[in-house]
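Trainee: I want to check the labels against the cut-offs behind them. Can we go through them one by one?

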Amino acid sequence: RLYAVVPVASARFIGTAKGDLVYYQTYEDQRTVNGFFEGRFDMTQGRVRPFASAGFSTYSEQSLEINERLRQSESVLTLGTDLELTAVTSLIAWARREKYSWDAIATYEGVSLSQQLDRTEDGVAAGLRFRLSPFTRIVAEVELQRDRFQQSPERDADSLRIAPIVEFENGGAITGQARVGYRAFRPLNPALADYSGFTGSAGLRYTFLESTRVSFDAGRDVRYSYEPEQPYFLESGVRFRVTQQIAGPFELIGMAEGWQLRYQRLGGADFDGRREDTRTIGAGVGLVVNPEMEVAFTIDRTERESSEPGGRNYERHRLLASVTYGR
């Protein structure tokens, strides 16, 4: 992963590039190379500060729903501006377009993923940003979203999101962001029930006395399913990881996560379709080679239970080694 910030007069360019090589010795069809690039341009001076970003990724990875690595791509374009009202308050507005595409030959359990999931998501949003400290900002935003499926228009939907976001910038004890709000999800197909309720996401990192590091990730939102008879589901869950220095350069690592998928059937109500629970627990040891580099060895166990087993249930054990540079 490469991250670069290039100042250009009263502006700056931020570039991010990432590459993954996934190799399986036995299951050759699961080998893959993933790539991601994003560029962002910001004006850094003046009361009106336009910004623009564009990103593209192509990847094959497993998900909570799809157990195989199948090729897909995603592109996103965002245009917006930030208007400074006071020293701590600004008005922000933006428009974005995201496009999701699967390989034409990609199928899962006999279903064409391109036919069911290829779509374009357009959104416009506006909000107020408040800077509470040099490291903390709050954004109160309202967003309208329009999802249109190229090959399955019966899946089209519109959404309204209202969500405050708390952003913690690098330099403080807590970094990352958290979003908690409301979403009104309205499918255009009258045979598919609406969803209105709480959604949110979080990706937070906390460091205490340089000896304890805690990471917390959580999410709750509507996701599209590949299944024609259960077009979407509500995904919710949390993930914890704690790293504690014990003696010298040695650390103990503990992790746990749990996710639930609740499916919505055509003609049904209140997520009356399949329900799946996935749980992971693990532990390990780490070795801090220097302030920028860490080596870790972990073992974990994951299991999934489904209300409609049919090959959906599984249990997995993994032993992993990792090297992290630039902690």
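Trainee: What makes aspartate 300 count as buried?

Mentor: This is a predicted model, and the values are computed from it. Aspartate 300 has a relative accessible area of 4%. Buried means under 20%, so aspartate 300 is buried.

Trainee: Where is aspartate 300 found, and which residues does aspartate 300 touch?

Mentor: Aspartate 300 belongs to strand β18, residues 293–306. Not counting residues up to four places away in sequence, aspartate 300 touches Thr280, Ile281, Gly282, Arg316, His317, Arg318 and Leu320. Take histidine 317: 17 residues separate it from aspartate 300 in sequence, yet the C-alpha to C-alpha distance is 5.8 Å.

Trainee: Is threonine 78 buried or exposed, and how do you know?

Mentor: Its relative accessible area is 13%. The limit for buried is under 20%, so threonine 78 is buried. Threonine 78 lies in strand β5, residues 71–84. Leaving aside neighbours within four places in sequence, the contacts of threonine 78 are Phe51, Ala52, Ser53, Trp94, Ala95 and Arg96.

Trainee: Why are phenylalanine 216 and phenylalanine 240 called a tilted pair?

Mentor: Take the distance, then the angle. The ring centres are 5.0 Å apart, and a pair needs centres within 6.5 Å. The planes make 45°. Stacked is under 30 degrees and edge-to-face is over 60, so the rest, tilted, applies. By this rule the count comes to nine aromatic pairs.

Trainee: What makes this pair a link between distant parts of the chain?

Mentor: Phenylalanine 216 sits in strand β14 and phenylalanine 240 in strand β15, 24 residues apart.

Trainee: How do you class the exposure of phenylalanine 216 and phenylalanine 240?

Mentor: Phenylalanine 216 has 26% relative accessibility. Phenylalanine 240 has a relative accessible area of 40%.

Trainee: How many bridges join β15 to β16?

Mentor: There are 15, in the antiparallel sense, with strand β16 spanning residues 250–264. Glycine 237 has tryptophan 259 in β16 as its bridge partner. Two residues lie between the strands of this hairpin, where glycine 248 takes a positive phi near 55°.

Trainee: Which residues touch the most other members of the largest nonpolar core?

Mentor: Leu113 and Tyr232, in a core of 19 residues. The elements giving two or more residues to this core are α1 (113–117), β14 and β15. Another core, of six residues, lies apart from it, with Phe51, Trp94, Ala125 and Ile165 among them.

Trainee: What makes arginine 155 sit over the ring of phenylalanine 149?

Mentor: The charged end of arginine 155 is 5.9 Å from the ring centre. The distance limit is within 6 Å, and the charge must also be within 35 degrees of the ring normal. The distance passes, and arginine 155 is listed as sitting over that ring. Phenylalanine 149 also belongs to one aromatic cluster with Phe185, Tyr195, Tyr224, Tyr232 and Phe271.

Trainee: Which residue lies over the face of tyrosine 263?

Mentor: Arginine 274, at 4.2 Å from the ring centre.

Key: Residues numbered from 1 in each chain as written. Predicted model: local features only at pLDDT ≥ 70, side-chain atom pairs only at ≥ 80, totals over all residues. Heavy atoms only, no water. Helix = DSSP H or I, 4+ residues; strand = E, 2+ residues; numbered from the N terminus. Buried < 20%, exposed > 50% of the residue type's maximum accessible area, 1.4 Å probe, protein only. Contact = heavy atoms within 4.5 Å. Pairing = 2+ DSSP bridges. Core = buried A, V, L, I, M, F, W, Y, C linked by side-chain atoms within 4.5 Å. Phe/Tyr/Trp six-rings, centres within 6.5 Å; stacked < 30°, edge-to-face > 60°.
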